[in-house]
Amino acid sequence: MKETTDMSNYSHPYARIKQLTTNAPVAMREDAIVSHHGFSVSDPYQWLKDQGYPEVNDQTVLDYLHAENAYYGEFKAQHQPLIDTLFEEFKGRVDDEFVSVPVTNRGYEYWYEYQAGSDYRTYLRRNLEDGGEQIILDLPTLAEGTDYFVLGSYDISPDNNLIAYTIDTTGDERYELFIKDLNTGEISSTVLTDVRSNITFTSDSKGIVYDKLSTQRWATESVNYHQLGTKQEVDIVLYAETNDEFGLGHYATSDDEYLVLLTGTRDVSEIYVVPLDNVQQPLQQLVNRDQGFSATVDHAFGTFYIVANDTHSNYRVATLADNASGYDNWETLMQGDSSLYIKSLATFRHGLVIKLARNGLDALQVIPFAEEESPYDIEFPEQVFSASLGNNPDFNATSIRITYESMITPDTLFAYDFANRQKTVLKKQKIPSGYDASLYHTERRMAPSRDGVMIPVSIVYRKDFVKDGTRPLHLYAYGAYGIGMPTSFSSVRLSLLDRGFAFAIAHTRGGDEMGYQWYLDGKMEQRQNAFNDFVDVAKFLIAEQYASAGNISISGGSAGGKMMGAVTILEPNLWRSVLLDVPFVDVLNTMLDESLPLTPPEWSEWGNPIKDKEAFERILSYSPYDNIDAREYPPMMVTGGLNDPRVTYWEPAKWTARMRAEKTDDNLLIMRMNMSAGHYANSGRYGRLLDAAEEYAFILASHQINE
């Protein structure tokens, strides 16, 4: 692990939460050596990867996981009153009988609602002609008898007679696809298996397009067409991807005229289109992977609208007539620049709606199709906020749905009218137990990183929070894959703020908050920047007296969990506690195992250590699991899911086992392994709140707040 700035002036004066009175599990060590490019790296807990994976039947492995869960259970029992208090607080902020605002499409209104106490939604529709209502999906009933249940997506056939939907009951994100007749309620006996969640009906309502997963790997091997009434075995492959590093998927354009097949990495796209009313005809290629840029596409009135970073890293909007072909025929409609980052667009009869970021701040711009109207921004009441297009299935709608929130403004649904350019609030997140936004303050600060780059930090706290260095702070980050962290509202977070915390998001390089180059500056050879940024943000907040060293709890999940592992190794004395949620911490071994489904696609993000010596050395330098050594570390809570296809269960398990063996302190280290779920832990709205209550109890207990 690369060295960081001198921390000799920092100490850790705060008492840390200690291990439980019973003995913690100790995993056996089995010498295993990984050798590449002349390097030999020890991996003493390699045995925790069941050799029969994705089946996990090795009793020794299961015994260890159960032992860790039992030890975690002791922590829960010790802090059950706090967990219960938090859970009740969280539930009190949930609208128990939530009803969504209906959306209109093809002569029907569609909405969903929660029954009191239910974990899952009920989906309904109303016929606009006769007013008849019907339940189209009853998730509480479908979920009965399952330990885990997730609806992937659903689609209504254009003739309004059928619904297709995908369900996952294990957490492995390998869905089953069901087709239901909405007139009779009958579910087809043909169930499609090994499906990704997304599905699309063809224009004639006689077929479904879906992404087919490989039976050997958790990766889309092809986009298929299924004709209703036939067996899955005879489905037609529309496009198959042979490059294991590319991810494949599909979607329909906003006007439902074209099916888009998109394959590629985060950096490189290949795009094909085909009319949705005849998906079996030859595909038309819009973008070739050999061109070496990233792109997405939408369509309206005979024109493709393409968002591409071919001429500028922050993307441009280009147009292409749908009866033309060839890159030479692209025409620039809107050019990106260093301060304007084009994220996405959608087409409507009125015009384009483009999601932008200007100097890291969200914006939505409308470009009307009418030549006499100029482009303009939709106005919002705050400077720092998150705004996105909501559910807008009707291309011809005269008003659109926009979702809006900030760190102090609950999720708000607007209807935006194109004609009068006015917003109307349709629904605002209800906090039944009460919420007064005037009690809280949010701000955006810029923290200097060690190389002089200014890092955005979003902060929220109660107005009675005193910046004297004595208050607790929770710092969160993700910082990978070009995924920017929105400045969104969290009703759960209020339980920290109301107990005197400030909560901050470090928008480190590796995300895309400040543009596409921000992402590039935190990946591959520049990966260390993301970790350094997080540490430097913490030091900035200390210098500004939001907190003091040793009184900052931190958290991150998945790739953000990798960041938590890295900064725990870098600066253990800065943190009061660390929550590593499904953490990607065994980076080197995962990137060396090309049999894992997500390894080849990840090489474009981290590098390929199998073929590239420099990539091997670089990953080894920061891979958290490989950099654990004998020293003191802060208290840690680690989570995982046995069926997780994204971050395999052995990553959090190996981290926990090695950390427990190497650390020289007696600070608390616990792991919660969900034995019947995947990357997203418990399913259902209350199941996830219970997970959050346990995690917040760990954070609060680490700050010696037990009520």
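## Gly 207

Gly 207 is buried, at 0% relative accessible area (buried means under 20% relative accessible area, exposed over 50%, partly exposed in between, with a 1.4 Å probe and protein chains only). The residue lies in strand S11, residues 207–213. Helices (H or I, at least four residues) and strands (E, at least two) are DSSP runs numbered from the N terminus.

Gly 207 touches Thr 200, Phe 201, Thr 202, Tyr 225, His 226, Gln 227 and Leu 228, leaving aside residues up to four places away in sequence. Contact here means heavy atoms within 4.5 Å. Gly 207 and Asp 277 are 70 residues apart in sequence. Their C-alpha atoms are 10.0 Å apart in space.

## Basis of the model

This is a predicted model, in which local features need pLDDT of at least 70 and side-chain atom pairs count only at pLDDT 80 or more, while totals for chains, interfaces and linings use all residues. Residues are numbered from 1 along each chain as its sequence is written, and side-chain values use heavy atoms, with hydrogens and water left out.

## Sheet S18 to S21

Four strands form an open sheet with antiparallel pairing, in the order S18-S19-S20-S21. The edge strands are S18 (295–300) and S21 (331–334), and each pairs on one side only. From one strand to the next, the twist averages 30°. Two strands pair if DSSP finds at least two bridges between them.

S18 and S19 (residues 303–308) run antiparallel and are joined by six bridges. Thr 296 has Val 307 in S19 as its bridge partner.

## Strand S33

Five of the five residues of S33 (residues 502–506) are buried, so the strand is largely enclosed by the rest of the structure. Ala 502, Ala 504 and Ala 506 point one way. Phe 503 and Ile 505 point the other way.

S33 pairs with S31 (residues 454–462) in the antiparallel sense, over five bridges. Ser 458 has Ile 505 as its bridge partner there. S33 also pairs with S32 (residues 473–476), in the parallel sense and over four bridges. For Leu 473, the partner in S33 is Ala 502.

## Helices H6 and H7

Two packed helices are described by the angle between their axes and the distance between the axes. For H6 and H7, the angle is about 65° and the axes are 10 Å apart. Axes are lines fitted to C-alpha atoms, for helices over the stretch in contact, and angles run from 0 to 180 degrees between N-to-C directions.

H6 and H7 are therefore roughly perpendicular to each other (angles under 35 degrees count as roughly parallel, over 145 as roughly antiparallel, 65 to 115 as roughly perpendicular and the rest as oblique). Gln 528, Ala 530, Phe 531, Asn 532, Phe 534 and Val 535 supply the H6 side of the contact. They meet Lys 562, Met 563, Met 564, Ala 566, Val 567 and Leu 570 in H7.

## Helix H10

Ala 615, Phe 616, Arg 618, Ile 619, Ser 621 and Tyr 622 are buried in H10 (residues 613–622). The buried residues of H10 pack against strands S1 (33–36) and S2 (39–42). They also pack against helices H6 (528–543), H7 (559–570), H8 (587–592) and H9 (599–606). At the start of H10, a side-chain oxygen of Asp 612 comes within 2.9 Å of the backbone nitrogen of Glu 614.

## Asp 691

Asp 691 is found in H12, residues 685–702. Its relative accessibility is 8%, so Asp 691 counts as buried. Asp 691 touches Arg 672, Ala 681 and Asn 682, with residues up to four places away in sequence not counted.

Terms used
Polar contact = N/O pair within 3.5 Å; in protein donor to acceptor, adjacent residues only side chain to side chain.
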